[in-house]
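Trainee: I am new to this structure and would like to go through it piece by piece. Where should we begin?

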Amino acid sequence: MISPKLVEVGRHLNINIITNSEIKTVEGEPGNFTVTLSNHPRYIDPVKCTGCGECAKHCPVTAVNRYNKGLDDRRATFIEYPQAVPLAFGIDTDTCVGCGLCENVCIARAIQYDETERESQVTVGSIILAPGSMGYDPSKLDFWGYGKYANVLTSEEFERILSASGPYFGHLSRPLDREEPKKIAWIQCVGSRDTNKCGNGYCSSVCCMYAIKEAMIAKEHAHGELDCAIFNMDIRSFGKDYEKYYLRAKDKDGVRFVKARIHTITEIPETGDLQVWYIDETGQRLEETFSMIVLSVGLQIPENVADVARNMGVELNKYRFVETGPFTPVETSRPGIYTCGVFQGPKDIPSSVTEASAAACLAGAELAVSRGMDTPTVQVTEQKDVAGESPRIGVFVCNCGINIGGVVDVPAVQAYAAKLPNVAYTDQNLFTCSQDTQDKIKEKIIEHKLNRVVVASCSPKTHEQMFMETLEACGLNRYLFEMANIRNQNSWIHSKTPAIATQKAKDLVRMAVARASTLKPLAEKVISVNKQALVIGGGVAGMNAALGLARQGFRVFLLEKETELGGLSRRLHHTIEGGDIRAYIKQLVADVRKNEFIEVITGARVTNFSGYKGNFKTEVVAGPANTKLTVDHGVIIVATGAMEYTPTEYLYGQDSRVVTQLELGDRLEEKGVDGLSTVVMIQCIGSRNSTNENCSRICCQNAVKNALLIKKADPDIQVYILYRDIRTYGLMEDYYTEARNLGVIFIRFDENDPPQVRSTPDGLIVSVTDHILRLPLEIQTELLTLSAGVTATDTAELCGIMKFNRNPEGFFIEAHVKLRPVDMPGDGIFLCGTAHGPKLISETIAQAQAAASRATTFLSKSEIKLSAITAKVDTEHCVKCLTCVRSCPFGVPVFNTDKQVIEIDEAICHGCGVCAAICPRQTIQLNFYEDDQLNCKIDALLAGGM
């Protein structure tokens with residue numbers, strides 16, 4: 001997944017990669033920093049090194065492979081991993097014996113033994129700190145048996161075992177004897193949520209989900225039945241659709257989830273198996289034997305990274321994460337220096353990518369006045385005319401580690417491809433998406449005079465653009481490329497039947513080669529970009545997105561359907577950290593109103609929409625008089641927000657003593673705790689049920705926040721929180737700990753045995769089965785608070801007009817959950833805030849800034865290219881039946897009454913192909929998917945003798 005990003009960064013003209021270096025000092029101020037670097041020697045010149053690997057092949061010295069977590073060896077001359085950027089080797093001087101063999105075999109003369117550490121300086125306008133984190137070292141906790149028993153591993157080590165480039169080439173094996181395990185246990189919260197043993201009181205946010213993922217992948221890699229058990233305190237699947245993945249693992253794939261903490265692990269010497277003892281929720285002492293144990297280690301910041309930050313004048317918290325505010329999530333204590341990813345706090349990949357874009361937005365605002373001054377121009381390779389040439393096809397088959405190579409006989413597929421018509425060259429690669437393979441493809445295109453390329457690998461969705469750019473770098477038209485998806489459509493599906501998978505791979509390659517022979521160059525239209533933005537939604541997300549763009553000099557139209565800005569945040573009072581939301585919103589609205597680049601349109605409703613990326617046109621009615629407005633803009637940011645779920649459970653709306661958390665917040669703000677002696681809160685109302693399977697993410701912290709407010713106001717008030725899993729992820733775990741220390745009582749209930757509530761004149765009676773006592777409890781309370789979930793705003797009308805996609809819960813769908821979390825599938829359209837899914841106000845702000853950053857990548861260009869994949873009409877044979885006009889979901893085909901013909905504007909055509917498929921006369925063709933280019937694949941498939 002990360003390989004295309006590595007390649008993109010390695011190729012980008014505006015990114016100067018400085019590896020093996022550390023920051024010594026930072027002097028100056030925002031807009032003009034001087035950064036002094038220590039450049040450590042690698043003893044091999046990365047510019048001269050070709051990545052051929054001859055030095056490592058001849059190196060006689062072995063060393064522990066730190067990349068594979070010590071599970072295998074590497075040479076003293078080494079490269080970290082196959083997709084490394086830059087693809088250059090280095091010498092480990094701690095193990096090198098100075099034999100000189102690497103220098104003797106290096107044809108490029110890249111070896112430089114005399115290289116020494118040096119200093120260099122760079123001048124920059126802003127700085128982003130993204131040093132990442134490291135996994136907790138459990139060897140300090142001897143009771144886990146780590147370092148003592150060979151089959152007790154960390155989750156990082158298990159990841160490497162599962163990886164195709166790992167120590168066992170992706171085969172599921174135990175370190176002790178290389179046998180395939182039959183039973184694996186995961187132990188959660190090792191190095192997290194532990195103030196007693198390791199001092200890391202925070203939740204690392206990612207461990208539950210990666211344990212579930214590892215269990216699922218392990219089951220896929222296993223050749224027989226594999227019993228997977230995850231021992232946990234709470235399962236924290238709080239991300240978008242994470243709960244669905246958890247339910248799939250639990251209910252469909254048989255992963256066991258055990259609410260328990262293992263207290264003793266011993267090894268059975270004869271077998272290497274591991275015996276564990278634990279106490280379950282009933283208090284019963286149980287014993288199980290496992291083949292392997294995986295310790296789900298938390299994330300922490302190394303001390304040397306913390307020292308660098310401190311030397312830069314950046315404040316850190318007690319856990320060495322950067323100190324940021326709830327309303328300034330990526331800003332450090334030093335102006336002009338920003339942060340993102342795990343250094344800001346524990347988080348997963350989508351949140352890290354989002355914060356990276358947010359930091360880029362704020363850094364970009366510092367640089368806006370000098371944008372383009374130091375930007376190198378792209379040297380476009382002149383495109384070769386291959387129109388008169390016979391097809392010469394190169395086929396590159398990818399192993400994708402063992403994702404493909406562990407199932408499909410890749411050498412057999414390569415040999416088969418070599419015999420196909422018009423194939424001039426074939427090759428196979430470990431990772432075709434790696435930088436070295438991209439360079440190799442370029443070399444082979446030139447060497448063998450290839451004029452078409454087929455890559456048999458994974459999904460075009462994530463990798464096609466990268467391969468097309470590789471063709472362009474060689475002077476070939478990008479549309480002379482075809483992919484055969486032999487991973488998603490083959491090896492993943494037929495993982496248990498290698499012979500069938502291999503035959504299907506041959507079929508898919510044969511079809512791809514047949515289609516490649518019919519491909520022809522296509523011209524992409526170049527259009528100018530309207531440097532204005534439309535932001536839909538005037539809540540926290542919309543306003544921050546608007547400011548993020550305006551501060552970079554772009555004009556913004558901010559639409560809000562209500563008569564005032566603020567959205568749902570107007571009902572909020574304080575963040576769990578204590579931030580004053582009302583004061584923040586007041587200042588935010590003032591900043592938006594006074595910004596000369598932002599035009600606020602309230603009481604607005606979208607009535608019509610047309611156009612394409614870089615040139616959209618949106619019609620709006622606004623204000624009491626329904627004034628009609630037309631907005632021309634180059635990008636769209638969708639920030640329509642969300643709402644609090646209105647409960648139908650537990651007498652809500654029937655008894656005034658039943659309120660939601662937002663209503664409790666209002667009461668505490670207006671009346672304090674007067675008249676309260678007992679408060680009961682019930683979690684997961686409107687979430688994690690058959691109607692809405694997902695977690696609403698914010699409810700646990702909301703309950704803890706209000707519980708703390710009550711306890712701090714009057715410690716004698718009894719507060720009960722009835723929950724299924726407490727999901728105070730990240731640094732919010734400290735507040736959960738504080739609530740327990742202040743006497744808030746947390747009672748877990750089973751989803752199949754939820755609390756019951758009845759009303760009496762003397763108070764509400766809440767009945768719940770205690771998970772430890774296994775006995776029913778009754779609590780009398782004056783106030784029952786329901787932690788209501790988050791529901792999407794009704795955007796059906798907007799989606800009908802603007803053709804946006806939503807998930808079953810009504811939230812908008814991003815282009816890629818990890819790589820493009822704020823992009824929508826349509827180019828030039830971005831997404832942020834709770835319109836994307838439930839999230840905290842700090843996360844909303846970061847995502848809004850991220851959306852503004854991504855939008856800036858469009859608006860900063862004077863012109864862009866449109867896809868050549870568009871429909872065209874053969875007007876001579878068209879019978880003007882208007883079927884295409886009625887069928888197009890985007891309303892692109894129109895009947896020109898003057899010319900009496902159907903017209904399709906290629907600038908606004910989305911290339912979906914509906915019109916081409918439905919045309920009864922077949923007079924509409926879709927470029928790159930013309931009839932003959934599809935029929936030939938069918939013919940090729942049938943020629944294989946299905």
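**Cores, sheets and helices**

Mentor: This is a predicted model. Leaving aside neighbours within four places in sequence, I924 is in contact with A871, K872, V873, C884, I904, C915, A916 and C919.

Trainee: Which residues have the most contacts inside the largest nonpolar core?
Mentor: In general, nonpolar side chains in soluble globular proteins tend to be buried together. In this model the largest nonpolar core has 66 residues. Those with the most contacts inside this core are V395 and I924.

Trainee: What distance separates the end C-alpha atoms of helix α24?
Mentor: Helix α24 covers residues 931–943, which is 13 residues. At 1.5 Å a residue, α24 should span 18 Å. The model agrees with this, as the end C-alpha atoms of α24 are apart by 18 Å.

Trainee: What arc do the buried residues Q933, C936 and A940 of α24 cover around the axis?
Mentor: An α-helix has 3.6 residues a turn, so residues three or four places apart point the same way. In α24, Q933, C936 and A940 are buried. They lie on the same side of α24, because the arc they cover around the axis is only 55 degrees.

Trainee: Which residues are exposed on the other side of α24, and what is included in the cover of its buried residues?
Mentor: On the other side of α24, the exposed residues are D939 and L942. What covers the buried residues of α24 includes a helix at 498–518, namely α14.

Trainee: Is T795 buried or exposed?
Mentor: T795 sits in the loop between β41 (790–792) and α20 (796–802). Not counting residues up to four places away in sequence, T795 touches T640, R806, G810 and F812. Its relative accessible area is 4%, and buried means under 20%, so T795 is buried.

Trainee: Which strands stand at the edges of the open sheet of three strands?
Mentor: The order in this sheet is β14-β15-β16, with antiparallel pairing. Each edge strand has a single partner strand, so one side of each is left without a neighbour in the sheet. The edge strands are β14 (262–267) and β16 (285–290).

Trainee: Which residue in β16 is the bridge partner of Y278?
Mentor: β15 (residues 274–279) and β16 pair in the antiparallel sense over six bridges. The bridge partner of Y278 in β16 is L286.

Trainee: Which strands stand at the edges of the open sheet of five strands?
Mentor: This sheet has parallel pairing and the order β10-β17-β11-β12-β13. The edge strands have a single partner strand each, so one side of each lacks a neighbour in the sheet. They are β10 (152–154) and β13 (256–259).

Trainee: How many of the eight residues of β11 are buried?
Mentor: Helix α4 (residues 155–162) lies across β10, β11 (183–190) and β17 (292–297). Helix α5 (residues 207–221) lies across β11, β12, β13 and β17. β11 is mostly covered, and its buried residues number seven.

Terms used: Residues numbered from 1 in each chain as written. Predicted model: local features only at pLDDT ≥ 70, side-chain atom pairs only at ≥ 80, totals over all residues. Heavy atoms only, no water. Helix = DSSP H or I, 4+ residues; strand = E, 2+ residues; numbered from the N terminus. Expected span 1.5 Å × (residues − 1). Buried < 20%, exposed > 50% of the residue type's maximum accessible area, 1.4 Å probe, protein only. Arc of directions from axis to C-beta. Contact = heavy atoms within 4.5 Å. Core = buried A, V, L, I, M, F, W, Y, C linked by side-chain atoms within 4.5 Å. Pairing = 2+ DSSP bridges. Axes fitted to C-alpha atoms, helices over the stretch in contact; angles between N-to-C directions.
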